[in-house]
Structure formats: C-alpha cells, structure tokens
Amino acid sequence: MRAVRIHGYGGPEVMRLEEVPTPQSGAGQVLVKVRAASVNPIDWKMRRGLLKSIFPLTFPRTLGRDCAGELHGKLVAGVADPRGDGTHAEYAVLLEASVTPVPVGLDAAEAASLCIAGLSAWIPLVEVAKVQKGMRVLVHGGAGGVGCHAIQIARELGAHVVATSTQADYCRQLGAERVIDYRKEDFASAGPFDVVLDTLGGEAHVRSLAALKPSGVLVALSATPVPAHEPRTDVRIERSMIQATRERLAQIFDWVVKGRLRPQLSRRFHLEAANDAYAAVEAPHGKGKIVLEIS
C-alpha cells in the first residue's frame, strides 16, 4: 500500500509517499481501507517535533490521526492511536473504541473532517466548559478547522459567540455574533466572557485570562507554549484531552444529521498531493477543513 511517511522530524521536505506493507490490527484495533483522511494541525506539529514531549515518534512513521473508510463493507470513521502509525495511507489501523458508523448523507471526506477537529470543539465546550444558554463564549481562530465547528456548537447550545479571525463574513455565517480582527482590535475589550476556547496558546492565552469573568473557564488545546505570566486565582484553566470514543463521534454525527452542525470542507487533495495539503493547513488565515481523498 501507499503511505505518507517521515524518517525524521522536519518540514515538508521530510514527507515521502512510499510503498509499505499493509499494517496488521492488534487487540482493540481494526484495519480500515481508507477513503478519506483529514489533515489537522497536530499532524504538522508532530512532524516538526513540536509535540515530542507528549507524542515522541519512532521512525519511519506514517502521518495522520483520523479517517473514514471501509470496514466489513460499511463506511466508518475513527481515530488512530497517536503512538503508532497514522491514517494518511491506503489502509490504517484505528482504535476500535473510536470507530463509528457514518450515517447516510455524509460522505467519507465530510466524516473524516469531523473527527479530530469536531472532537476538539465538542469536548472543550460541551463536556469541559458545559456551555449553556446565555453564556458569552470567545472562540479563537474562528475560521480554522476547530474554530469553524466550535462556533456552530456554542451557538447551538444557546451561547452568544464572539470569534477572533481575519475572515469575518465566514465566521458570521457559522453563527458568530461578533468577529474581532486580532490585528486591529484587542479581543479582551469585547469581554468579559464565561468561556474562552484557546486554540492558539502563547500571548493569546495570557490575554484571554484578562477577558474572563470571575469564575469563568479557559479551555486550552495543545498550541504555542504559554509565556510566564501572573495567574488569576478566580478563574479555571483546563487543558482539554481530546480522546475519541464511539459515543462522542456518534453524537457529533447525529448533530450533523439533524442539521445542527455543518461539515466545513474547504479543500480536497489526492494522497499524491499530501505536501500541498500540509502546506495549506500550516499557512496562516486558513478556513475550514482540508482532507486527503485516498480511495
């Protein structure tokens, strides 16, 4: 089979499309014939070695975290174990506990686009922050792969949603009431917020603390390291663990079927153009999700 692999940490130049043996599934795993796999920020961060303290890689390594494909003749979606080979290949081994049937009406690319990105919005907002009607929620990177789902989810939960982005029209179409161009305006001035979803890290994390109400919650994803800063003792900071389960993905797919959440596919690439897909995900000011179509 063909797979996108790396033999060491680095930029796009370390990625190779290679012929490799088809993997074998073990206990708690299933082998899926991949039809589509999304490209997530975690993929290029792992490739560059930015997450090696969390997910140290052994080489060679097949990239990719999630996919949709065929299992026993049916379309399913799920997530691979980040400690092993990934999904940017013609076949992939997935964690059985994450594998979920894809409902009628969703194609493989749409289903793949909702896995890691959808979970990265769902878990922080629904499970960790427990967003409720009337709350004010700030979503950083509102046009990105996580943010485009987070805006929709928070809106459906009844929140007043503010997003940071350079793509105001797109974010408003998703349900943001206000969009702040962080190059021109201080987002903290739009606070205070009950919840901040921090997809950025770095200085944005520090400034987000100032934007929270007392007893507010900042939910952070793995992003740019946060500089030293004065802590706030009257707010809660949560680092959300994004763990795929069959039940969580089924809930996300159910929202799609019911029209509460719309997949946000912006571009589709063939496996041979994986380098271009990764470059598009790494580029600033991205919009929606990018997916590799494989078979």
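Accessible areas come from the Shrake-Rupley method with a 1.4 Å probe, and for residues only the protein chains shown count as cover.

**View 1. The whole chain and its surface.** Welcome to a predicted model, in which local features need pLDDT of at least 70, side-chain atom pairs count only at pLDDT 80 or more, and totals for chains, interfaces and linings use all residues. Residues are numbered from 1 along each chain as its sequence is written, and side-chain values use heavy atoms, with hydrogens and water left out. The accessible surface of the chain is about 13000 Å², and carbon and sulfur atoms account for 51% of that surface. Of the 295 residues, 54% are buried (under 20% relative accessible area; exposed is over 50%, and partly exposed is in between, with a 1.4 Å probe and protein chains only).

**View 2. The fold in outline.** Look for 8 helices and 16 strands in the chain; these are DSSP runs numbered from the N terminus, helices being H or I with at least four residues and strands E with at least two. The C-alpha trace spans about 55 × 40 × 35 Å along its principal axes. A compact globule of 295 residues would have a radius of gyration near 19 Å, and the chain agrees because its own value is 19 Å (taken over C-alpha atoms; the rule is 2.2 Å times the number of residues to the power 0.38).

**View 3. Thr-164, a buried strand residue.** Thr-164 belongs to strand S10, residues 160-164. With 2% relative accessibility, Thr-164 counts as buried. Its side chain makes a polar contact of 3.1 Å with the side chain of His-140 (a pair of N or O atoms within 3.5 Å; within protein, one must be able to donate a hydrogen and the other to accept it, and residues adjacent in sequence count only if both atoms are side-chain atoms). Leaving aside neighbours within four places in sequence, Thr-164 also touches several other residues, including Leu-138, Ile-180, Tyr-182 and Phe-187.

**View 4. The loop between S5 and S6.** Here you can find two residues side by side. His-72 sits in the loop between S5 and S6, and Gly-73 is in the loop between strand S5 (66-71) and strand S6 (74-79). His-72 is exposed, with a relative accessible area of 76%, and Gly-73 is exposed at 72%. The phi of His-72 is near 55°, a positive value in a residue other than glycine. The C-alpha atom of Gly-73 is 10.0 Å from that of Val-32, although 41 residues separate them along the chain.

**View 5. Two cis peptide bonds.** The bond from Phe-59 to Pro-60 is cis, with omega near -5°, and Pro-60 lies in the loop between helix H1 (41-48) and strand S4 (61-62). The bond from Gly-191 to Pro-192 is also cis, with omega near 5°. Pro-192 is in the loop between strand S11 (178-180) and strand S12 (193-198).

**View 6. His-285 and its positive phi.** Follow the chain to the loop between helix H8 (274-282) and strand S16 (289-293), the place of His-285. His-285 has a positive phi of about 65° although it is not a glycine. This residue is partly exposed, with a relative accessible area of 43%.

Terms used: Contact = heavy atoms within 4.5 Å.
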